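Thanks for coming. Please have a look at it first.

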Amino acid sequence: MRFTFVFPHLWESGVRGKYAPFRAFGHTPSYLSWWFGDYFASSARGFFRAGTVKGTITIGGSPASGVVVSVEGLPNESRKSKISNIESERAVIDQRDKKFIPHVLPVRVGTRVNFPNIDDVWHNVFSTSEAKKFDLGLYPPGNDRNVTFDKPGVVRILCNVHPHMEAYVVVKEHPYFALSDTRGNYRPDEVPVGKFRLKFWQPELGTKVEPFNMVRGGEVLSVNMNLKRMK
Ligand SMILES: [Cu+2]
């Protein structure tokens with residue numbers, strides 16, 4: 001999955017309202033995110049030699065969606081070498097049917113996450129996690145509030161009205177991460193050449209780490225992963 005970008009000016013002018021039909025599917029139009037994703041990937045290509053890591057994640061043979069896959073062990077310079085041209089990255093977690101959707105959201109440090117209440121009941125959003133402690137208070141249907149995630153780490157999001165509501169914002173210092181889709185497929189943006197680790201994380205499945213070696217630029221590595229449920 002590509003990170004979802006929205007033009008700030010469109011956002012301010014109410015892109016969420018205007019494009020409500022798209023949002024019924026839970027995402028900004030996918031052609032937009034593909035377009036921008038590829039645009040930034042190609043503009044970054046000149047700065048370092050990079051390849052692709054992709055694969056499929058399963059649990060006991062079934063596709064595992066919502067798994068965060070990130071590249072760990074990157075040197076500082078390659079983290080900095082790819083800086084998005086966009087001023088701020090934005091992402092959304094909906095409150096819908098008394099759930100936070102998506103359940104797991106990976107973002108880069110500095111991302112502002114919007115929490116729209118599109119239910120017909122009031123909700124609250126708070127976290128006591130070390131990487132971001134906050135409480136947005138109670139707010140009614142049709143309203144939304146934001147949080148900017150400024151430190152790396154896993155932030156568990158809860159609602160004090162509905163104890164079963166739970167989401168995880170996974171904040172990364174670099175852009176080399178992806179979320180597996182409904183078919184269990186993942187594909188982060190281009191990965192620098194070198195020996196690094198792929199980290200697979202999901203709240204109910206825990207963490208699994210797999211080393212990989214990107215030998216040359218343009219290489220495509222396939223890393224499939226079968227995860228086991230934690231008891
Ligand atoms: Cu709630």
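What pLDDT does the protein chain average, and what percentage of the residues score at least 70? The average is 80, and 73% of the residues reach at least 70. For anyone new to the term, pLDDT is the predictor's confidence in each residue, from 0 to 100.

So we are looking at a predicted model, where local features need pLDDT of at least 70 and side-chain atom pairs count only at pLDDT 80 or more, while totals for chains, interfaces and linings use all residues. Residues are numbered from 1 along each chain as its sequence is written.

Where pLDDT is low, the predicted coordinates should not be read in detail.

Now the sheets. Strands are DSSP runs of E, at least two residues long, numbered from the N terminus. Two strands pair if DSSP finds at least two bridges between them.

Take strand 3, residues 68-72, which is joined to strand 14 by 3 bridges. Val69 has Ala178 as its bridge partner in strand 14. Strand 3 is also joined to strand 17 (residues 194-202), by 5 bridges, and there Ser70 stands opposite Lys199.

Is strand 3 mostly covered or mostly open? Mostly covered: 4 of its 5 residues are buried. Buried means 20 or more other C-beta atoms within 10 Å of the residue's own, exposed means 12 or fewer, and partly exposed is in between, with C-beta atoms placed from the backbone.

Strand 17 pairs with strand 18 over 9 bridges, in the antiparallel sense. Gly194 has Met214 as its bridge partner in strand 18. A hairpin of 3 residues links strand 17 to strand 18.

Next, an open sheet of 3 strands, in the order 4-8-11, with mixed pairing. Its edge strands are strand 4 (90-92) and strand 11 (144-149), each pairing on one side only. Neighbouring strands are turned by 25° against each other on average, direction ignored. Strand 8, residues 111-116, pairs with strand 11 in the antiparallel sense over 6 bridges, and Phe115 stands opposite Arg145 in strand 11.

Last, a single residue. Ile101 lies in strand 6, residues 99-101. Why is Ile101 classed as partly exposed? Because Ile101 has 14 other C-beta atoms within 10 Å. Ile101 and Glu166 are 65 residues apart in sequence, and their C-alpha atoms are 9.1 Å apart in space.

Note on methods: Axes are lines fitted to C-alpha atoms, for helices over the stretch in contact, and angles run from 0 to 180 degrees between N-to-C directions.
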